[in-house]
Structure formats: structure tokens, C-alpha cells
Amino acid sequence: MGKDWWKSKTIWANAIALISTLFGLLGYAEIPPDQQAAVVAGVMTIVNIALRFVTSEPIKKPGGAPPALPALILGLIFASSVALGGCASRVAETPAQKIYALQADYAAMLEAALAYESLPRCVEDNSVPSPCSDSAIVEGIRKADIVAYEAIGTARETIRASPADIQGIDLALLSARQAIDGLARIIATLNGRTG
Amino acid sequence: MTAALQFAAELIKYATLAAEVGMNVHELLRQGEAAVNAMVAEGRDPTDAEWEALNIRIAQIREKLHSDDA
């Protein structure tokens, strides 16, 4: 008896290739080449994580949902967020521009997080794969968002209160950047639940 | 075969949803970059109106993100 079709790396690899093509057709061709590499890397990282889950976790229910499907959508959402590393923040020069740019990137990141949170919560015994969000991941996203929001607030306050403290401002901006990246990592790594 | 077809249908649904989200996020990133580029080109910091618009958007998203209303 052959292995389950959804355990096939070939199928997943081709599915990702198809989705990547769709992304291109829907406007992603406009992403700068250096960011495209990051997007591809993000997708492949999540796919590998998902495949690892599929190949190491015993299947408890014949006919159950392919576990990697929610991970796939997470990966795609994350991939769209990978580009955060270099967008508005990359071109800003003054402290005020930098914190504004950071908040603009953060707002885009929140959109991706909200899209995931808005999905119905996953249920363990779902026999049909469907888009859903894992409660634990949603909680992780919310906690990471609070950390990011507070870090941004601290950076903004540092700029207002101590405009001459360049070192302090840079440190606060770096902390905020790292907090936002932490939010992205939550979306990327807490996956692999049955949808 | 039925399972494979079902999977294909679900995959297309996921791809569509993910593409929509990706496009929205990408567009927001571009808007942010364009706004900051304009500030840099004009040699100015964000205006109160720009701050207000961004803060309102963030507040609206966070309110939904931290709400359990489906």
C-alpha cells in the first residue's frame, strides 16, 4: 500500500510552485528581487516545517484533514510579511521618520495577523480540511502584538522626550524592530495543527 | 481520487485567500514606503494628519485582533 497522498513532498512542492505562480500573476512580480529571495525563503522554511510535522506525527484518524494545510496558509501570510525587513524603515532618515516607518511596517504586519485571526478556530476532529486558525497561535500573536505595540510606544516616547539622545533612540528603535520581528516569527513558527 | 480533488479545491481556496492577504500587506508596505520616501524627499517629518491616520488604522486593526468576535 502506498503512502498517503498528502505526505508526498512532490505534491507539496508542486503546490507551492503553483501558488508562487499565482502570487506572481497577482502582482508579486513587482516585489524587488532582493525581497523576492526573502519571500521564497520564508515559504520554503514553512513548507519544510510543515513537511517535518507531516512525516513525524502519527496519523490518528484515517481520513482526517491534511495537517499541513493551515501551516501552508500561515506560510503564505508570513511570506508576505517577510518583506517587512526592508520597506518604509529602510528609507527613513530622521528619528521621526524612522518611528513612523516602523509603525507603517507594523500596521502592514497587523493586517496579516488579523487575516489569520479572523479565520474560524480549528477543531480537532474536523474531517474536511478548511481554513482555520489555531487558538494557541492566535494567543501567541496577541501577546507578541502587545510587546510590539509597547516597544513602539517606548521608542516614540524616547524620541519625543530625548531628541538629542541618538544612542538611546537607536536602541529604542532597534527594540521596536525586534519586537515586530518577534510577531512575524510567531506567525511563522507556531503551526502544524490539524485544520 | 475524491480526496485529491477535495484537496485541490481547498488548496485553491487557500491560495486565493493567501494571495488577497499578501496583496493587501504588500500594498500597505508600498504605501508606507512611498509616504516615507516623500518625507525624505521633502526634508520633513510626518505631519499630525499622517500620524493620526496611521494611529487610527493601527487602533482599528488591534481592536479587531484582540477581540474574540468572529
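Start at the spot where α5(A) passes α2(B) in a left-handed crossing (left-handed if the near helix is turned anticlockwise from the far one by less than a right angle, right-handed if clockwise). Helices here are DSSP runs of H or I with at least four residues, numbered from the N terminus, while strands are E runs of at least two.

Before you go on, a word on what is loaded: this is a predicted model, where local features need pLDDT of at least 70, side-chain atom pairs count only at pLDDT 80 or more, and totals for chains, interfaces and linings use all residues. Residues are numbered from 1 along each chain as its sequence is written, chains are lettered from A and ligands numbered from 1 in the order in which they are written, and side-chain values use heavy atoms, with hydrogens and water left out. The scores are ipTM 0.85 and pTM 0.67. Chain B has an average pLDDT of 84, with 91% of its residues at 70 or above; pLDDT is the predictor's confidence in each residue, from 0 to 100.

**Stop one: α5(A) and α2(B)**

Select residues 95–117 of chain A and 48–65 of chain B: the axes of these two helices lie 9 Å apart, at an angle of about 25°. Axes are lines fitted to C-alpha atoms, for helices over the stretch in contact, with angles from 0 to 180 degrees between N-to-C directions. So α5(A) is roughly parallel to α2(B) (under 35 degrees; over 145 is roughly antiparallel, 65 to 115 roughly perpendicular, the rest oblique). Show side chains, and you'll find A:Tyr100, A:Ala107 and A:Leu114 among the α5(A) residues that meet α2(B), whose own set includes B:Leu54, B:Ile61 and B:Lys64; contact means heavy atoms within 4.5 Å.

**Stop two: α5(A) and α6(A)**

On the α5(A) side look for A:Pro95 and A:Tyr116, among others, and on the α6(A) side for residues including A:Val138, A:Ala148 and A:Ile159.

**Stop three: α6(A) and α2(B)**

Now hide α5(A). The axes of α6(A) and α2(B) are 11 Å apart, at about 155°, so α6(A) runs roughly antiparallel to α2(B). Which residues make the contact? From α6(A), pick A:Ile141, A:Arg142, A:Asp145, A:Ile146, A:Tyr149 and A:Arg156; from α2(B), pick B:Trp51, B:Asn55, B:Ile58, B:Arg62 and B:Leu65.
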